[in-house]
There are 4 protein chains.
Amino acid sequence: MQTPIPFYLDEILENVRYLDGGSVADYIPPLAAANPSYLGAALCTTTGHLYSAGDDSEEFTMQSISKPFVYALALQELGFEEVVAVVGMEPSGEAFNELSLNRDDHRPVNPMINAGAMTVTQLINGVDSGVDERVEHIRQYMSRLAGRDLTIDEETCDSELLFAERNLSLAHMLRNYEIIQDDAHDAVVTYTRQCSIQVNVKDLAVISATLANGGTQPITGEKILDPDVCRLTQAVMSSAGMYDGAGRWMAEVGIPAKSGVSGGLLGTLPGQLGIATFSPRLNSEGNSVRGVEAFKRLSQDMGLHLMSTDQRYGIHPIRDVEIINDAWVVRLQGVMNFSAAESILYRLEDYDITADEVLLDFSQVTTVNRIGRVMLKEGLRRMREAGFKIGVIDPDERIKDRTMRDGTQVVRRDDNEDYMINGEELL
Amino acid sequence: MQTPIPFYLDEILENVRYLDGGSVADYIPPLAAANPSYLGAALCTTTGHLYSAGDDSEEFTMQSISKPFVYALALQELGFEEVVAVVGMEPSGEAFNELSLNRDDHRPVNPMINAGAMTVTQLINGVDSGVDERVEHIRQYMSRLAGRDLTIDEETCDSELLFAERNLSLAHMLRNYEIIQDDAHDAVVTYTRQCSIQVNVKDLAVISATLANGGTQPITGEKILDPDVCRLTQAVMSSAGMYDGAGRWMAEVGIPAKSGVSGGLLGTLPGQLGIATFSPRLNSEGNSVRGVEAFKRLSQDMGLHLMSTDQRYGIHPIRDVEIINDAWVVRLQGVMNFSAAESILYRLEDYDITADEVLLDFSQVTTVNRIGRVMLKEGLRRMREAGFKIGVIDPDERIKDRTMRDGTQVVRRDDNEDYMINGEELL
Amino acid sequence: MQTPIPFYLDEILENVRYLDGGSVADYIPPLAAANPSYLGAALCTTTGHLYSAGDDSEEFTMQSISKPFVYALALQELGFEEVVAVVGMEPSGEAFNELSLNRDDHRPVNPMINAGAMTVTQLINGVDSGVDERVEHIRQYMSRLAGRDLTIDEETCDSELLFAERNLSLAHMLRNYEIIQDDAHDAVVTYTRQCSIQVNVKDLAVISATLANGGTQPITGEKILDPDVCRLTQAVMSSAGMYDGAGRWMAEVGIPAKSGVSGGLLGTLPGQLGIATFSPRLNSEGNSVRGVEAFKRLSQDMGLHLMSTDQRYGIHPIRDVEIINDAWVVRLQGVMNFSAAESILYRLEDYDITADEVLLDFSQVTTVNRIGRVMLKEGLRRMREAGFKIGVIDPDERIKDRTMRDGTQVVRRDDNEDYMINGEELL
Amino acid sequence: MQTPIPFYLDEILENVRYLDGGSVADYIPPLAAANPSYLGAALCTTTGHLYSAGDDSEEFTMQSISKPFVYALALQELGFEEVVAVVGMEPSGEAFNELSLNRDDHRPVNPMINAGAMTVTQLINGVDSGVDERVEHIRQYMSRLAGRDLTIDEETCDSELLFAERNLSLAHMLRNYEIIQDDAHDAVVTYTRQCSIQVNVKDLAVISATLANGGTQPITGEKILDPDVCRLTQAVMSSAGMYDGAGRWMAEVGIPAKSGVSGGLLGTLPGQLGIATFSPRLNSEGNSVRGVEAFKRLSQDMGLHLMSTDQRYGIHPIRDVEIINDAWVVRLQGVMNFSAAESILYRLEDYDITADEVLLDFSQVTTVNRIGRVMLKEGLRRMREAGFKIGVIDPDERIKDRTMRDGTQVVRRDDNEDYMINGEELL
């Protein structure tokens, strides 16, 4: 059997193919030469499943799509404070000035506009980095995100540089305000080369899935970015990624996204997946006509809206409860976070527990975050105060430190094979 | 045993109590008279569990916190198009003008600023509604959201009206541009009375949990708003709710939120919970000093960031697989949405299935959305093409229409008791 | 013989009558009822000669034309510092916000925009003035400027008040920022009544000639405003009077001007004259279509551009030099200001004076300003140092104080009838 | 005797010398090296009299002072329409954006801001001009204005070019919008060299007197610019020359002016004079501290305010009336413009003329403009209709064409020596 997901992607592509409005970017020959009928889509889950449809191997330059990822790299290398010192994180609203610099401190308002993106690029590889070293550093990073060696489209880059008046203007103004330290021309060259990294739509899906996955490339498994960095980057994409009409995009589509002038468009659903489309026909705002429509359908048809109130899998974190040897064994499952811990403790409070001992069984738990750990241990401590014996079955040491609030230890009972789960009944 | 959640809320309150900066709003006597030391917090899950701590019964006026909820009401009553015709949904960026009206069409840029909120209020209860009827309509709606009868603080309202110059200015300008149809003074009175509805911090948590729950009040179970309306409202809260610094708020805290000048602050996590704090000390932006800090800690300590890449419960949607009577019975669990269906189909593709028949068991499934239904049926159809017999066990008719792409029906096998799950082993 | 000036005014009117574009203001019935074909013009010199042509007796409401004159009244009553504390004097440039208030201190940017004009009106007759007293005070002042009793068009005023949403918005915002102290509604009523004072085009010419004449009504001779106040008012008219396109107006027309929505338009040439036109057809900016064109022609055809490098009369300030009884009698004429004094002293330096005594004859001098007086006395003192006897013939005591720099007195010789001019030879 | 004007200039300098606030521009070494105590002033009348005081021979670079003069050159070479097509003429108001480009058409708002000035410079010497040719063309033009060969301070220019980030930013943006056609870097070099032309304070006075004199250099007598060009340039200086606070400058000082960062400040009084000061101490707005104060005093003490209602010389244009051989001979004097003709005709209407013939005597008239000529001939024609014989005495043919409205000719009577004035009695 073959999974029908490519089929669904294909269906979405067919449903937007009729849109023949818009036109390819024509300000430089290499972009003007793009085939307007190209149409591709890809989706990569945080579990590393990659699906694609249409023209999924055609390469194009990243352009503005590179912005959030280089921003993430800067956050990773320098930390939040150093980055926010030179570039803000507010939406630009109605473009209130040509340059979108803050009125007072002249920082670019966010890293998704060109002034902000160039500022961010200049932070990479150390302030003293040469142009070539900085570009190569970025290229290698993007390649790790994509899971394959990406190359730079030198012809497109050279053409861009012939029509870079606006970026040169921005770079000189940033230099004027000492927001960037390098020569303005070098800054534009570096940024333009970054924008000229070539990808296909599958690369974009994988790259965005890495963000959605908290920084671990879902296919190679490489840990590239910290979860904090990914969280922040996606927050900025959500408020400023589709700048003209960011509010309406988040309301209607609800997927943090970024588009590029060569026709690419990518989005992330934190914890779930990365999506991308490729179609070079652009609307007047410079977004892919078919890409925007495809995302609207993906959001509606697939229920992929960030503000969707659907629960993700919706399983109760208590798998079952069994009485074994006069102990209530509460079998937990999945991720133990705040919501899960709340559900478990709420349920425990309700049970009319007839046994002397209560054991929480972590065998089927995948991860436990800090608050989950703290809450479950505190729940056990309170049960002990209520007169029960307590303990855990925790063969993978999910709860790590077994010390409770009052300094006592929670007993681990999985040394007692009486309480061992019979793994056979599970997949 | 008592759940430790109130204890954690309490801990957060104690951790922010040291913040004695800021001061209570003092532009009208009733607000100036607020006790600056009041401090309360509450949390309500979409499953209807309500926790609170501190001064959780003190009443205060909703003020701006009423904005997103009346916006939701307008969307519910009039639909998206009619509402967006008079008020935009873009962040205001650096306040580029005094009134925050769009340059071209003079619509308020979003419903979270006063001009937008007054415009929205004027849509409620029909364009011909009298002031009293409109206010009563809103009061009743807010009461349904809170699950108890809310009252209007007439003294605060009267005081506000004595200092309403700015709102009167906005209302006259909206009237000038025919964005509102009513008399400007009436519009201000209506809006001010709406702002004077009294709540406590538990009400706020419940009200926001209703948004997070897709419009169904999680305690009373009343269906008040559509999921689409809630999605949209939360999207607008995320981009414009904490207007000065909305981008940074979403990056650092990551919880769609709204604050009021009387010291309330509420936030939602779609699908999960509503949270609220109450502390009347305000910073220079008019947000509660302790409330803002409490939300930062809630986000960090409890992992409640919207862009968090933590999976919610993280359970695999396949509970287990059992061979019964030469059939592979694949037991599904939780919500069948796009991500779940993708996981299931991906896994099925991998199995080396040794039986002649494959059955999907929906007994433990809680809900199935459209795309989940479509994908799972298509997966079954493809297995049949691959030579298997196929069927479902679906005692609650989760998949509703059993017709597949090719017009054939998927067979339901739960009439055959051989395949019935033994309910006992589950909670 | 009749002067041909009315004939020229008539000619200009005929030359612009073909312009049948634009339309009368139609936002209130009394303005909408204006006869679009009305066309009149008037010109009043600072010497009090009044000429007019066309529909010169039709009355219409002053509207915005009242702004500069009430501004002048405020300056006269309160002085520069108190006025500038609440309203700026900068051009508004491209209207950068709806209200045209300064970003920082919320003062209206200048008194020619509505917010500024209402602020100014509130200064008149003392901060405690009632509405009726303030309006009556302004009406009487305008009547003195016009030289006849002006009345208020109550019907137009009442209509305006029904459509005053924008002004009410401005007034409430001014009240909000405490720029005005009165009730917003009263402020709008006061301002609207001021705008409803009825004039004809001759009144406008006379009123503006009063400004051009340094505050002395040129026909009645009443001293109403100080020259400083008139200078300042005309400066503000020049930079902000025709707000949309003020720069281009000053470049092309070069006449400080103000227009009103009822079709009036007036301008001043400092020291020379006031001009006015009346034609109710308005262009999209709210200026009289024919009025604007008439002013362009007046400026070009009559050489009335403020930056015109034509000398006004261009007479040399030395009328003649005669030798009487071994004295050089230098007969001066006209106004002795800086330029005149410079010319005289420059010429004296050149003469090969063959007499022992030099007398400056002020008999034909009309006025002497401070710098003129100082320079001429210093010139005489230096001639004395060069060995001449010096003195003045000054029957009208134009130079007032005859003390020179070194404390000595310049001798007055018109007591000596030998030096008396024979009046007969003059007009 | 020596004229006391230098003495007055000196007095003004001494009165502002106490101002030791502000500091020299320090962004480049050559400016930072300026002697902060330098202080000079100069004044040049349109009659070509040049006065100066203080450090009047110290040279400094023109900087922004070059802007209005190159603007005038562009107007002269290309005409109004071509210039206004690329640069506006509106004041910038509160700087509403970093670049001061119009929102819609991206033209710089006026030629006094850097973006506008660079745009104007690029118009000079033809669009195809090389950098060196364009600079040389400007240098030669400035030299003609100054009446001596000016040179470029190459060291300052080179230093400026090292710190030209802001101008480079502007130039690239202008290039981006195709407002300028040249390479951005070349545009900055050209403009910077223009700014580096060296002058002393006397040159500035002479240069501005040329503007005030309608384009004729008052000392060399060379006709360099048209009066229209000068009128327009001074109008733009008046509305945008002292950009921050242009309105207040015109109200308080009332002299169209332009300042430069090297400490120069010049102003014009149309038809009267040019003034300049030099003192390198700058205030926070970049204007010369002492220069600004000196101009305030010049305006107040010398009565040099553009809106001053003082009449310039204030002589009546009728010198006298004499009866010669049964003819009324009306002797005119000075400039025959609109105001003069109005005065004459008004007076004629009043006379009880007892003779049969009326003659206007133009012997003492200096110039007659078009409207003056038209009005006086029409006045004569009407006297003829009233029954008088009419004629002119016009030895210098001031009225040129003697044809009147009805096609008849006005008779010239100066062929008749009876009517000849006896020149002796005049200077």
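Start with chain D, where strand β9, residues 327-336, and strand β10, residues 357-368, pair in the parallel sense over 9 bridges. Pairing here requires that DSSP finds at least two bridges between two strands. Helices (H or I, at least four residues) and strands (E, at least two) are DSSP runs, numbered from the N terminus. Within this pair, Val329(D) has Leu359(D) of β10(D) as its bridge partner. To get from β9(D) to β10(D) the chain passes through helix α14 of chain D, residues 338-350, and this β-α-β crossover is right-handed. Right-handed means that, with the strands pointing away from the viewer, the path from the first strand over the helix to the second runs clockwise.

Before I go on, this is a predicted model: local features need pLDDT of at least 70, side-chain atom pairs count only at pLDDT 80 or more, and totals for chains, interfaces and linings use all residues. Residues are numbered from 1 along each chain as its sequence is written, while chains are lettered from A and ligands numbered from 1 in the order in which they are written.

Next along chain D, β10(D) pairs in the parallel sense with strand β11, residues 389-393, over 5 bridges. The bridge partner of Asp361(D) in β11(D) is Ile393(D).

In what order do the 4 strands of the open sheet lie? The order is β8-β9-β10-β11 in chain B, with mixed pairing. At the edges are β8 and β11 (389-393) of chain B, each pairing on one side only. Direction ignored, neighbouring strands of this sheet are turned by 20° against each other on average. Axes are lines fitted to C-alpha atoms, for helices over the stretch in contact, and angles run from 0 to 180 degrees between N-to-C directions.

β10(B) and β11(B) run parallel and are joined by 5 bridges; in β11(B), Val392(B) is the bridge partner of Leu360(B). Two helices go with this sheet. α14(B) lies across β8 and β9 of chain B and runs at about 160° to β9(B). α15(B) packs on the sheet and touches β9, β10 and β11 of chain B, its direction making about 175° with that of β10(B). Contact, throughout, means that the C-beta atoms of two residues, placed from the backbone, lie within 7 Å.

Now the helix pair, back in chain D. The axes of helix α5, residues 114-121, and helix α9, residues 184-195, of chain D come within 9 Å and cross at roughly 95°. α5(D) and α9(D) are therefore roughly perpendicular to each other, a label that covers 65 to 115 degrees, with under 35 counted as roughly parallel, over 145 as roughly antiparallel and the rest as oblique. From α5(D), Ala117(D), Met118(D) and Thr121(D) meet Ala187(D), Thr190(D), Tyr191(D) and Gln194(D) of α9(D). That contact of α5(D) with α9(D) has 4 nonpolar, 3 polar and no charged residues. For these classes, Ala, Val, Leu, Ile, Met, Phe, Trp, Tyr, Cys and Pro count as nonpolar, Asp, Glu, Lys and Arg as charged, and the others, Gly among them, as polar.

On to the chains. Chain B and chain A each put 84 residues into their contact. On the side of chain B that touches chain A, the largest share comes from α11(B), with 10 residues. By class, this side of chain B has 38 nonpolar, 32 polar and 14 charged residues. A rotation of 180° with 0.0 Å of shift along its axis superposes chain B on chain A, at an RMSD of 0.1 Å. The two copies are thus related as by a two-fold rotation axis. Superposition is by least squares on the C-alpha atoms of residues with pLDDT of at least 70 in both copies. The copies meet through the same surface, because 99% of the interface residues of chain B are also interface residues in chain A.

How many residues does the contact of chain A with chain D take from each? It takes 13 from chain A and 13 from chain D. Helix α8 of chain A, residues 165-176, gives the most to the chain A side, with 8 residues. That side divides into 5 nonpolar, 4 polar and 4 charged residues. Chain A superposes on chain D by a rotation of 180° with 0.0 Å of shift along its axis, RMSD 0.1 Å. In chain A, the C-alpha nearest the axis belongs to Ser169(A), 1.9 Å from it. Of the contact residues of chain A, 100% recur in chain D, and the same surface serves both copies.

Finally, no contact joins chain A and chain C, whose closest C-alpha atoms lie 10 Å apart. Chain B and chain D also have no contact, with their closest C-alpha atoms 10 Å apart.
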